[in-house]
Amino acid sequence: MTQITLKPIPKIPEQTLPVTSGDWPQLGIRWGVLGLLAGVLIALMLVSLALGSVNIPLEDILRVLTGGEASKPAWTNIILKFRLPKALTAMLAGSALGVSGLMMQTFFRNPLADPYILGISSGASLGVALVVLSIGTVGSTVLTGIGLAGDMGITVAAMVGAAVVMLLVLAISRRVRSNMTLLILGLMFGYMTSAIVSLLLYFNLPERIQAYITWTFGSFGGVTWGEMPILAPIVMVGLALVFVQAKSLNALLLGEGYARSMGLNTQRTRVGIILTTAVLTGVITAFCGPIGFLGIAVPHLCRSLLGTSDHRALIPASVLMGAVVAVIASLIAEMPGSRIILPLNAITALMGAPVVIWVILRRRNLRESFAS
């Protein structure tokens, strides 16, 4: 009788597999981490309301938030009209960029992928530049003087610019198999859109040039309560779409072939990821400017903190961690106790770049960094 020797099946690293119902201890730890992040976020929100060019006591902050009045009438106006919408904007922007970077890293299976690197943010910036440099000046973040229609116009322009660039990158991805080559092509699209913006700046008026340059510094402080009904619903819908795609993203961790074998409609999933990322990145770029490094650093922080690649844990962690990092960056840029406001993009770069360097150096290679 012929003896049949069975070869052992290669073991897939545990951290690349979705969490099963039997991993309750790990799930408990991860829910504890999420609860801790939520508590840190609430504390930072209160700190951001208290600190600034004028420091406000915490008891006055709580009194105003519960419908009362602060000890000084001016403090009530500062909290409600300026600091609260700024803190909420930072929270929404950080959450949106954090999960956008997570989706891009999973989609391309590349630890350096994020909306900025792939040219999505550059496409959104081009859309905004076409509106700003052809219509008029801007305030700190959005068009002023043309009302709600102007706000919607710049938001739609940013989202269309982001979607067009991402669709171009995706169309080329069908011909290119290498993720690194696709990443370079995404950078090339970014350079092309930057070149078009440079040409628009060269032939434009000095006032509009200065307005656009100020917008590119990034800021969370330009969104008013009148504009919040535009920003918040779009971000919330985008985040909801990300949560819906958690299982699909888990299936994509081991490649499209594996995902198809599990019955996943990869084409529909691809379109969903593109549209969700474009909407989230476009609306944040429209209202806050092109905010870099949040999208690439936040997913790595969450993977290191949770020790998993399961998107059912990573998505809520990225939402909370993105909000935490964005609020911290906003606080640093505000420079409490002074009237100086630093460029937000400079702060996020100084915070995000060391995180990415640290994550890469503590792994043997980039692929292992992504898988864990």
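Predicted model: local features only at pLDDT ≥ 70, side-chain atom pairs only at ≥ 80, totals over all residues.
**Salt bridges**

The structure holds 3 salt bridges.

| Aspartate 60 | Arginine 63 | 2.8 Å |

Start with aspartate 60 and arginine 63. Both residues lie in helix α2, which covers residues 58-65. They are 3 residues apart, about one turn of the helix. Aspartate 60 has a relative accessibility of 2% and counts as buried. Arginine 63 is partly exposed, at 34% relative accessible area.

Lysine 86 belongs to helix α3 (residues 73-108), while glutamate 334 belongs to helix α13 (residues 311-334). The pair therefore ties together parts that are 248 residues apart in sequence. Are these two side chains buried or exposed? Lysine 86 counts as buried at 19% relative accessibility. Glutamate 334 is buried too, with a relative accessible area of 19%. The cut-off explains these labels: a residue is buried because its relative accessible area is under 20%.

Aspartate 310 counts as buried, at 2% relative accessibility. Arginine 312 is partly exposed, at 41%.

**Serine 48**

Serine 48 sits in helix α1, which covers residues 24-50. Is this serine buried or exposed? Serine 48 is buried, with a relative accessible area of 12%. Which residues does serine 48 contact, leaving aside its neighbours within four places in sequence? They are Arg83, Ala87, Val327 and Leu331.

**Helix α12 and its partners**

Two packed helices are described by the angle between their axes and the distance between the axes. Helix α12 covers residues 294-306.

The axes of α12 and α13 come within 9 Å and cross at roughly 125°. The two helices are therefore oblique to each other. The crossing of α12 past α13 is right-handed. On the α12 side, the contact is made by Leu294, Val298, Pro299, Leu301, Cys302, Arg303, Leu305 and Leu306. On the α13 side, the residues are Ala313, Leu314, Ala317, Ser318, Met321, Gly322, Val325 and Ala326. What classes do the residues of this contact fall into? There are 13 nonpolar, 2 polar and 1 charged.

Now turn to helix α14 (residues 344-361). Its axis is 9 Å from that of α12, and the packing angle is about 45°. So α12 and α14 are oblique to each other. Here α12 passes α14 in a left-handed crossing. From α12, the contact uses Leu294, Ile296, Ala297, His300, Leu301 and Ser304. From α14, it uses Thr348, Gly352, Val355, Val356, Trp358 and Val359. By class, this contact has 8 nonpolar, 4 polar and no charged residues.

Conventions
Residues numbered from 1 in each chain as written. Heavy atoms only, no water. Salt bridge = Lys/Arg side-chain N within 4 Å of Asp/Glu carboxyl O. Helix = DSSP H or I, 4+ residues; strand = E, 2+ residues; numbered from the N terminus. Buried < 20%, exposed > 50% of the residue type's maximum accessible area, 1.4 Å probe, protein only. Contact = heavy atoms within 4.5 Å. Axes fitted to C-alpha atoms, helices over the stretch in contact; angles between N-to-C directions. Parallel < 35°, antiparallel > 145°, perpendicular 65-115°, else oblique. Left-handed = near helix turned anticlockwise from the far one by under 90°. Nonpolar A, V, L, I, M, F, W, Y, C, P; charged D, E, K, R; others polar.
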